[in-house]
Amino acid sequence: MLRLWSSARYVFPLPADHRFPIEKYARLRERVVEEGLVAPECVHEPARAPLETLRLVHTADYVDRFFNGRLSSAELRHLGFPWSSALVERSQRAVGGTIEAARAALEDGIAMNLAGGTHHAFADHGEGFCVFNDVAVATRILQREGRVRRVAIVDLDVHQGNGTNAIFAGDVDVFTFSMHGGRNYPFRKVAGSLDVELADGAGDDEYLTLLDDVLPRALTRAEPDFVFYLAGADPHEGDRLGRLRLTFDGLARRDAIVIDRCREVGIPVAITIAGGYGRDVADTVRIHLQTVRVASGARMPHGA
Ligand SMILES: [Zn+2]
């Protein structure tokens, strides 16, 4: 059965009018069990990613100042969260979940963190609700353990993973592929290995035709031993920040294209949920739940 990690119980305080949908994580955790997608014992608590692990990607200065609550007010504005010790705990657990899901994916073929995908985090700063770059840290862990050499990051959150692209710029072993809104945040893009920009209002047909065409070529170029998939819910038509018009069904087909492709070529895949800012948070949860459903139907035997 699909193994999942959830850091939903590690909540952190936010102002009442804050637009970050912290409640989606707990609802998602409840629903995956309620709907019988996984047994309760398949939803795991992630360990904290230790400081030295975070420093594989992030500068010692940034990590230390974040842990000690010494980021400037300008840095916190850029990040989008008020600092708290609970935010430190949550950030470590979210990275831990992606690391553990990645290790599980090496054994099971596929695994998922019901958090993570914080792709706007750079080596020396966080922005856009992203403290640490979980996928970058997990990539470095797997490489350091000698378990993979070449990694592809398939980032289908509607926003470009500028932090990820900056971290891996010039790294020939990490291929960053992103499809995102060309006119959406971040307004200053950082080039990745392959960037596909979508116009505002793009819908299922345009999006899925492009993905079907580009993804196989991306994976051929990347020749990865391992894939991280950022399955953002924010390309949905009901998203407050997305500016695209994908339907629920279109997003499920998107997930199937990525997951089936990895399965066909036998590449392990670790999934993170990334963003999702539905006008109704239930819609965002439903989209993430679809991803779990597609992933749970696609589990590969070890070594497939
Ligand atoms: Zn996003």
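**Reading the model**

Tutor: F177 has a relative accessibility of 2%, which is under the 20% limit, so F177 counts as buried. Bear in mind that this is a predicted model.

Student: Where does F177 sit, and what is F177 in contact with beyond its sequence neighbours?

Tutor: F177 belongs to strand β5. Neighbours within four places in sequence are set aside; the contacts of F177 are then I153, V154, D155, L156, L194, V196, L211, V214, L215 and A218. In space, the C-alpha of F177 is 6.0 Å from that of S193, although 16 residues separate the two in sequence.

Student: How many residues of β5 are buried?

Tutor: Eight of its eight residues are buried, and the strand is described as mostly covered.

Student: How should I read the nonpolar core?

Tutor: In soluble globular proteins, nonpolar side chains tend to be buried together. Here the largest nonpolar core has 101 residues, and the members that touch the most others are F177, F226 and F228. The element giving the most to this core is helix α5, residues 85-108, with nine residues.

Student: Which residues does F226 contact, leaving aside neighbours within four places in sequence?

Tutor: The contacts of F226 are A102, A105, L106, L142, V148, R150, V151, A152, I267, P268 and A270.

Student: Next, the sheet. What is the order of the strands, and is the pairing parallel or antiparallel?

Tutor: Strands of a sheet pair through backbone hydrogen bonds, either parallel or antiparallel. In this model, eight strands make an open sheet with parallel pairing, in the order β2-β1-β3-β8-β7-β4-β5-β6. At the edges are β2 (43-44) and β6, each of which pairs on one side only.

Student: Now the metal site. Which atoms coordinate the zinc ion?

Tutor: The donors are two OD atoms of D157, ND1 of H159 and an OD atom of D234, at 1.9 to 2.7 Å. Along the chain they follow the spacing D-x1-H-x74-D. The pair H159 and D234 links distant parts of the chain, 75 residues apart. H159 lies in the loop between β4 (151-155) and α7 (162-167), and D234 in the loop between β7 (226-230) and α9 (248-265). Both H159 and D234 are buried.

Student: Why is the arrangement around the zinc ion irregular?

Tutor: Ideal angles for four tetrahedral donors are 109.5 degrees. The angles subtended by the four donor atoms at the zinc ion are 53 to 154°, and that range makes the arrangement irregular.

Student: What should I look for in the backbone?

Tutor: Most residues other than glycine have a negative phi, and most peptide bonds are trans. F129 is not a glycine, yet has a positive phi of about 70°. E223 is another non-glycine residue with a positive phi, of about 45°. As for peptide bonds, the one from Y185 to P186 is cis, with omega near -5°. P186 lies in the loop between β5 (174-181) and β6.

Student: Where are F129 and E223, and is each buried or exposed?

Tutor: F129 is in the loop between β3 (110-113) and α6 (134-144), and is buried, with a relative accessible area of 13%. E223 is in the loop between α8 and β7, and counts as exposed at 56% relative accessibility.

Student: How is A199 classed at 48% relative accessibility?

Tutor: A199 counts as partly exposed at that value. A199 lies in the loop between β6 (194-198) and α8 (204-222). The C-alpha atoms of A199 and G182 are 6.1 Å apart, with the two residues 17 apart in sequence.

Key: Residues numbered from 1 in each chain as written. Predicted model: local features only at pLDDT ≥ 70, side-chain atom pairs only at ≥ 80, totals over all residues. Heavy atoms only, no water. Donors = N, O, S within 2.8 Å, 3.2 Å for Na, K, Ca; no water. Tetrahedral: all angles 85-135°; square planar, octahedral: opposite > 155°, others 65-115°. Helix = DSSP H or I, 4+ residues; strand = E, 2+ residues; numbered from the N terminus. Buried < 20%, exposed > 50% of the residue type's maximum accessible area, 1.4 Å probe, protein only. Core = buried A, V, L, I, M, F, W, Y, C linked by side-chain atoms within 4.5 Å. Contact = heavy atoms within 4.5 Å. Pairing = 2+ DSSP bridges.
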